[in-house]
Amino acid sequence: MTLSETVLIRTPEGIEFTLPLAGPLHRMIAFIIDFAVILSAGIALQSATSFLRLFSEDAFQAVAMVLYFATSVSYGALTEWLWRGQTIGKRLLNLRVVDAGGLRLQPAQVVVRNLMRFVDFLPGLYLVGGVSCFLSRRRQRLGDLAAGTLVIRTPAHRLPGVEQLLGNKFNSLGGQRHLAARLRQKVAPELAWLALDAVVRRDELQPESRLGLFHDFAGYFKDLVPYPAEVVDQIPDEQYVRNVVEVLFKRTSREGERY
Amino acid sequence: MILDLPRVVETERPYWTALEKTLVWLESDPHRKLTIHEAERFHALYERTADSLARISGFAAEGELQRYLAWLVSRAYAEIHESRRRERFRPWRWVLFDFPQAFRRHIRAFHLAVALTIAGSAFGGFAIRYDPDAKGVLMPFDSLQITPAERVARERESQGKQLTGRKDRFSAQLMTHNTQVSFTTLALGMTFGLGTVIILFYNGVMLGAVALDYILGGQTLFLLGWLIPHGVIEIPAVLIAGQAGLAIAYGLIGWGDRRPRADRMREISRDVVMLACGVAVMLVWAGLVEAFISQYHEPILPYSLKIGFGAVEALLLTLFLSRAGKTKSGAV
């Protein structure tokens, strides 16, 4: 069995979309943050009810104990319900609980997945939940399996600022709009992001690795969409890859024309 | 297909933005209802954005845009295709009506929980009868390690003063501990019921061992006066938690039910929540009674009064679980 990075949902209209699954490490960090929040809330509640000490130390301790227990049990369910699948930890880590079928998260699902923490936590430190998360194909702990939920990543959606990365050099590929369109169509998204990553991190590479990497990239792109010789002659491999990345990611050339 | 992507983005962006705004508006209040006109416009925006997503799928370097559109489409899909009833936050309705209904819907699981506890009690009683040395293992509580006669003498002597100044804390400890045990019993249903079965049986063992120990020690009246006031609520609460755990196990295994496991679990999840709500309320009551009534014995509180109080509680609980929330048609 292999772990999935994403879950595919197909709508009745025939549209497919994928939701990126959250990894166990991200979920663990979110849990640690939430645990810290619960502890802080417990301390705050203790301070808020400390006036009860004036009447009875026993009553104060009992109220503090019950309030802390109620907070720790209900925190996950309440926040995920009010914030549509997010706790404070999940918000900070850009994670969200969603229905496994892509439908709206129901209150009962939220409560069930949080009730199941009692078994996911066993025998301590979320061992059962962690193991289940590693073994389950869709990275679900027992609570998620019972409630029919998934935890997904919801990173901010924006285009990368490639303008700053590519310098202000003339891009000879920009003039060939039909070839630029073919390039955008043929290059797989994963490869495009890999090339962008290589351009961003080019200064971190050893000189020999840098030459070899950009040589391979340039060779691949040239084979994929051949440009006229007069356009690509005399361009070093690294510059060629930077030009390709610019065509792939930017909507307009520096002169303001569309690629 | 060669697509003029910049033009598509330029043309469609206002629709994506409009859909995003609508989604934010809808998501800010889960109970918000759309008018026919709003629903039509929302659906049109969803279809248009889904179409954009389909058109740019596979385009190089548009991963970020695809993820953005997929995120919009997935949220809109969740709003449009959700057909389950929207539940309002009405905890008292859940406890007073939905909880007893859920209890009756899964009555066979409750009967099984009772049977397991009785089997455990029989085992515990048998063990204490034929191997009194097993007391330390069967009843791992300090107050139960002495003979029943010694305990009764001690309780009479202290006249309930052993809890002076810590009654509230004791009550809170009982509530939180019992709730923790009950919710663990419920959640262990995810072990295909095995964990739930073990806890129910083990609870029965302790109960049977304690009961027979006091009966054999000639302290039956003390036992009833001590256990009944809180036990008639606490023991059923643990049984109901076990019932919920067994219902989860049934959902996982699905004997004779050909529906996918996800559908079965989806169907029982609401009932599990209702049962958990009921269990929590029952345990709060049991915790209060145990701290403030059960720990006082004769001569402070006559046994007859305590047993009578417990009998009334048992009667009310039985009536509540069997009658509350019944519809006129008699269903559930």
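The model is predicted, so local features need pLDDT of at least 70 and side-chain atom pairs count only at pLDDT 80 or more, while totals for chains, interfaces and linings use all residues. Residues are numbered from 1 along each chain as its sequence is written, chains are lettered from A and ligands numbered from 1 in the order in which they are written, and side-chain values use heavy atoms, with hydrogens and water left out.

To start with chain A, its secondary structure comes to 13 helices and four strands (DSSP runs, H or I of at least four residues for helices and E of at least two for strands, numbered from the N terminus). Of its 259 residues, 48% count as buried; here buried means under 20% relative accessible area, exposed over 50%, and partly exposed in between, with a 1.4 Å probe and protein chains only. The accessible surface of chain A comes to about 13000 Å², and 62% of that belongs to carbon and sulfur atoms (Shrake-Rupley method, 1.4 Å probe; for residues, only the protein chains shown count as cover). As for contacts (heavy atoms within 4.5 Å), take those in chain A between residues at least 6 apart in sequence: 64% of them join residues at least 24 apart.

Next come the salt bridges, each a side-chain nitrogen of Lys or Arg within 4 Å of a carboxyl oxygen of Asp or Glu. The count over all chains is 24. One of them pairs A:Arg141 with A:Asp120, with the closest N and O atoms 2.5 Å apart. A:Arg141 sits in the loop between helix H6 (127-135) and helix H7 (142-147) of chain A and A:Asp120 in helix H5 (residues 117-120), so the pair ties together parts that are 21 residues apart in sequence. Both A:Arg141 and A:Asp120 are buried. Chain A also has a network of salt bridges that links A:Arg27, A:Glu80, A:Lys90, A:Arg113, A:Arg117 and A:Asp144.

Over in chain B, B:Arg55 and B:Asp51 meet in a salt bridge at 3.6 Å, N to O. The two are about one helical turn from each other, because they are four residues apart in helix H2 (residues 36-56) of chain B. B:Arg55 is partly exposed at 30% relative accessibility, and B:Asp51 is partly exposed too, at 37%. B:Arg259 forms a salt bridge with B:Glu267, and here the closest N and O atoms are 2.6 Å apart. With 32% relative accessibility, B:Arg259 counts as partly exposed.

In chain A, a nonpolar patch takes in A:Leu25, A:Met28, A:Ile29 and A:Ile32, with about 380 Å² of accessible area together. A:Ile29 belongs to helix H1 (residues 24-48) of chain A and is partly exposed, at 36%. In chain B, a patch of positive charge gathers B:Lys33, B:Arg85, B:Arg88 and B:Arg90. For charges, Lys and Arg count as positive and Asp and Glu as negative, with His and the chain ends not counted; each charge is placed at NZ of Lys, CZ of Arg, CG of Asp or CD of Glu. B:Arg90 lies in the loop between helix H3 (63-81) and helix H4 (91-105) of chain B and is partly exposed, at 42% relative accessibility.

Last, B:Thr179 sits in helix H8 (residues 167-187) of chain B and counts as buried, at 7% relative accessibility. Leaving aside neighbours within four places in sequence, B:Thr179 is in contact with A:Phe69 and B:Leu283.

Conventions: Patches are made of residues with over 30% relative accessible area and no salt bridge: like charges are joined within 9 Å, nonpolar side chains (Val, Leu, Ile, Met, Phe, Trp, Tyr) within 5 Å.
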